[in-house]
Amino acid sequence: MLSRGGYFLGDGVNIRSRPVDGTVLGQGYFRETFTAYCWSSDGYWIRLTAHRGNVTGWVSVNYVFYTDSGPMGYC
């Protein structure tokens with residue numbers, strides 16, 4: 001599976017069960033790292049796993065920064 005590393009740009013970034021209105025599964029915090037796996041079909045959300053707490057879900061691309069430039073496809 002293709003993936004890309006990065007970190008959250010803010011505190012209390014919601015990690016959701018699905019894009020837009022999904023249930024909040026956890027939160028990411030400033031500079032906390034994650035592994036991103038794929039984009040939503042509209043390209044505005046990414047599926048990722050936050051390293052602290054090992055929470056996997058969806059986050060808006062507005063709240064993340066990628067540290068890797070590797071390829072990543074759509075989910």
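Reader: What makes the handedness of the link of Cys38 and Cys75, and how many degrees are there about the S-S bond?

Author: First off, keep in mind that this is a predicted model. The S-S bond shows 85 degrees, and the link of Cys38 and Cys75 is right-handed.

Reader: How do you know that a disulfide joins Cys38 to Cys75?

Author: Check the sulfurs. They sit 1.7 Å apart, S to S, and the cut-off is within 2.5 Å, so the pair counts as a disulfide. The structure holds one disulfide. Cys38 belongs to strand β4, while Cys75 is in the segment after β8, so the link connects distant parts of the chain, 37 residues apart.

Reader: What makes Arg18 and Asp21 a salt bridge?

Author: The closest N and O atoms of Asp21 and Arg18 are 3.2 Å apart. The rule asks for within 4 Å, so the pair qualifies. As for accessibility, Asp21 is exposed at 51%, whereas Arg18, with 46%, counts as partly exposed.

Reader: How many salt bridges does the rule give, and where does Arg52 come in?

Author: The count comes to two salt bridges. Arg52 meets Glu32 at 3.7 Å, N to O, which is within the 4 Å limit. Arg52 is in the loop between β5 and β6 and Glu32 in the loop between β3 and β4, so the pair ties together parts that are 20 residues apart in sequence. Glu32 has 9% relative accessibility and counts as buried.

Reader: Which strands does β1 pair with, and how do you know?

Author: Pairing takes at least two bridges. Four bridges join β1 to β4, and three join β1 to β7, residues 64-66, so both pairs pass. The strands run antiparallel in the β1 and β4 pair, and β1 and β7 run antiparallel too. For landmarks, Tyr7 has Thr33 as its bridge partner in β4, and Gly6 has Tyr66 in β7.

Reader: What makes up the largest nonpolar core?

Author: That core has 13 residues, and those with the most contacts inside it are Phe8, Phe34, Ile46, Leu48, Val59 and Val64. The elements giving two or more residues to this core are β2, β4, β5 and β6. Take Val59: leaving out residues up to four places away in sequence, Val59 touches Phe8, Val13, Asn14, Ile15, Tyr44, Trp45, Ile46, Leu48 and Val64.

Reader: Last one: why is the chain called as compact as a globular protein of its length?

Author: The chain has zero helices and eight strands. Its radius of gyration is 11 Å, close to the 11 Å from the globule rule for 75 residues, so the chain is as compact as a globular protein of that length. The C-alpha atoms fill a box of roughly 25 × 25 × 20 Å along the principal axes, and 40% of the 75 residues count as buried.

Methods. Residues numbered from 1 in each chain as written. Predicted model: local features only at pLDDT ≥ 70, side-chain atom pairs only at ≥ 80, totals over all residues. Heavy atoms only, no water. Core = buried A, V, L, I, M, F, W, Y, C linked by side-chain atoms within 4.5 Å. Buried < 20%, exposed > 50% of the residue type's maximum accessible area, 1.4 Å probe, protein only. Contact = heavy atoms within 4.5 Å. Salt bridge = Lys/Arg side-chain N within 4 Å of Asp/Glu carboxyl O. Rg over C-alpha atoms; globule rule 2.2 N^0.38 Å.
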